[in-house]
Amino acid sequence: MVKICCIGAGYVGGPTMAVIAVKCPAIEVVVVDISKPRIDAWNSDKLPIYEPGLDEVVKACRGRNLFFSTDVEKHVAEADIIFVSVNTPTKTRGLGAGKAADLTYWESAARMIADVSKSDKIVVEKSTVPVKTAEAIEKILTHNSKGINYQILSNPEFLAEGTAIEDLFKPDRVLIGGRETPEGRKAVQALKEVYAHWVPEENIITTNLWSAELSKLAANAFLAQRISSVNAMSALCEATGANVSEVSYAIGKDSRIGPKFLNASVGFGGSCFQKDILNLVYICECNGLPEVANYWKQVIKINDYQKSRFVNRVVSSMFNTVSSKKVAVLGFAFKKDTGDTRETPAIDVCKGLLGDKAHVSIYDPEVTEEQIQRDLAMNKFDWDHPMHLQPTSPSAIKQVSVVWDAYEATKGAHAVCILTEWNEFKELDYQKIFDNMQKPAFVFDGRNVVDAEKLREIGFIVYSIGKPLDAWLKDMPAIA
Ligand code: UDX
Ligand code: ADP
């Protein structure tokens with residue numbers, strides 16, 4: 001029986017291993033993590049992450065061939081294939097701070113593997129890592145090898161949160177990079193056989209190590225670039241009276257462009273896009289390619305511009321001040337169907353509003369008050385350094401309330417900001433909301449979820465990203 005161990009029971013490790021276990025009953029899969037609360041949650045009825053379909057998959061195989069444990073060393077020692085899915089945050093200090101990936105967690109996992117291994121291992125990079133990480137890991141392992149053979153593979157994960165289970169069941173492709181040596185090819189084949197249980201062979205791509213590592217960064221950079229492109233267009237649409245949804249639809253009909261990932265928004269978030277682009281930028285700079293680095297940097301700059309443009313629009317529309325006004329924020333997660341708030345645009349938007357002294361009342365169906373308070377108190381890039389969480393600042397707490405209902409959040413508010421595209425925000429009783437708000441009542445839709453015309457009929461002043469502006473908003477131009 002092949003034994004798989006995955007180090008890191010996070011958003012990537014947990015769902016990926018659960019799907020491998022459910023699809024390969026003859027393989028034993030153990031997910032290990034140093035965080036006891038996380039492992040306890042994986043072993044409980046309330047899993048540590050919210051992901052549609054995940055509960056069913058875990059229930060089907062937990063205790064059968066899927067296990068969650070904190071006994072990291074034991075399971076690593078016993079495994080044939082070790083996936084490493086630990087966090088790779090952006091460095092917050094030292095060389096490359098604010099750009100380079102911090103490989104502390106990766107390196108300590110590699111050293112632990114070298115310490116406890118007594119048999120040959122295939123070590124698989126699952127978490128996104130900078131190009132050439134495999135080489136560094138290989139060095140750590142082989143210099144401490146005690147005669148053991150290690151093969152390093154890069155097998156980046158392309159799942160998106162909210163659709164992780166669907167993406168894992170039917171991946172567009174599985175990518176496996178390995179060394180171009182007989183042992184390397186054998187290791188690639190062994191991993192390929194795992195995926196071949198459910199993924200058609202033509203969808204399993206094999207490449208050299210560096211191509212696989214770079215492909216992951218490139219895929220995320222291209223996806224983020226599409227969003228920044230359409231968001232850049234959204235600003236121009238507002239200025240000219242064009243409608244960004246119509247523009248997206250029209251250009252997406254070109255089969256060379258395609259219709260996906262062209263929704264204008266308040267900005268992209270999530271744990272990958274910004275981090276991976278910063279990483280790419282750093283690698284380009286280190287390789288003497290400043291022009292390439294600057295090209296990709298612009299994708300992040302437009303994303304930051306989009307968030308501050310949104311805040312400016314809110315403030316300028318409301319007579320240039322939101323001081324002491326109640327602003328309801330609907331949605332805090334970085335996208336719908338997830339409770340994840342890493343790099344969510346809601347953090348920057350809320351901080352912007354708080355900076356202008358607004359009272360912010362937040363409702364999100366999946367994000368806890370504790371998480372929101374922590375996010376608003378944290379510095380940029382601190383979110384992925386779980387060992388050094390910042391305490392919540394008392395001043396932020398005073399201006400922020402977190403409630404468990406959209407109606408409660410909007411009661412007595414001057415404005416509503418929609419920051420996540422949760423389906424339920426489409427179905428709210430906006431007449432009831434309007435009746436309970438201060439007048440004039442504003443809706444700033446950062447995700448284009450509401451029917452702006454209907455809301456205008458009720459009496460709202462509505463701003464929708466990239467859509468023709470209300471006369472009111474035209475009279476109060478936002479200063480970008
Ligand atoms: C992304 C990649 O899609 C995935 O392949 C990779 O493995 C990890 O990073 P994820 O961050 O989970 O996945 O979500 P994704 O669906 O890509 O959305 C990222 C952000 O872009 C979200 O904030 C989302 O709201 C935003 N977005 C997405 C838009 O603003 N417009 C769009 O058209 C699509
Ligand atoms: P991702 O989104 O990439 O899955 P997460 O931050 O959700 O990232 O998960 C990474 C997990 O890896 C965390 O639960 C963390 O506790 C765990 N981890 C980090 N370093 C180690 C290590 N050396 N051994 C075991 N687990 C680790």
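Let me start with a single contact in this predicted model: an N or O atom in the side chain of Asp33 sits 2.6 Å from an oxygen atom of ligand 2, where a polar contact is a pair of N or O atoms within 3.5 Å, and, within protein, one atom must be able to donate a hydrogen and the other to accept it, with residues adjacent in sequence counting only if both atoms are side-chain atoms. On its own, ligand 2 has 580 Å² of accessible area, and the protein covers 90% of that; these areas come from the Shrake-Rupley method with a 1.4 Å probe, and for residues only the protein chains shown count as cover.

A word on conventions. Residues are numbered from 1 along each chain as its sequence is written, while chains are lettered from A and ligands numbered from 1 in the order in which they are written. Because this is a predicted model, local features need pLDDT of at least 70 and side-chain atom pairs count only at pLDDT 80 or more, whereas totals for chains, interfaces and linings use all residues, and side-chain values use heavy atoms, with hydrogens and water left out.

Staying with ligand 2, the backbone takes part as well: a polar backbone atom of Val12 is 2.9 Å from an oxygen atom of the ligand, and a backbone N or O atom of Tyr11 lies 3.1 Å from an oxygen atom of ligand 2. There are 16 residues around ligand 2, and those that come nearest are Tyr11, Val12, Asp33, Arg38 and Arg342, a residue being near if one of its heavy atoms lies within 4 Å. By class, that shell holds 6 nonpolar, 6 polar and 4 charged residues, with Ala, Val, Leu, Ile, Met, Phe, Trp, Tyr, Cys and Pro counted as nonpolar, Asp, Glu, Lys and Arg as charged, and the others, Gly among them, as polar.

Now to ligand 1. It is surrounded by 20 residues, of which Phe158, Glu161, Ser265, Phe334 and Arg447 are the closest. Oxygen atoms of ligand 1 lie 2.7 Å from a polar backbone atom of Phe158, 2.9 Å from a polar side-chain atom of Lys216 and 2.9 Å from a polar backbone atom of Gly269. The protein covers 90% of the 660 Å² of accessible area that ligand 1 has on its own. The shell of ligand 1 divides into 11 nonpolar, 4 polar and 5 charged residues, and its largest share, 4 residues, comes from helix H9, residues 209-240; helices (H or I, at least four residues) and strands (E, at least two) are DSSP runs numbered from the N terminus.

As for the chain as a whole, it has 19 helices and 14 strands. Its radius of gyration, taken over C-alpha atoms, is 24 Å, close to the 23 Å that the globule rule (2.2 Å times the number of residues to the power 0.38) gives for 480 residues, so the chain is as compact as a globular protein of that length. The C-alpha trace spans about 75 × 45 × 45 Å along its principal axes.

Finally, two backbone details. Most residues other than glycine have a negative phi, and most peptide bonds are trans. The peptide bond from Lys439 to Pro440 is cis, with omega near 0°, and Pro440 lies in the loop between helix H17 (430-435) and strand S13 (442-445). Phe319, in the loop between helix H12 (290-317) and strand S9 (326-330), has a positive phi, near 65°.
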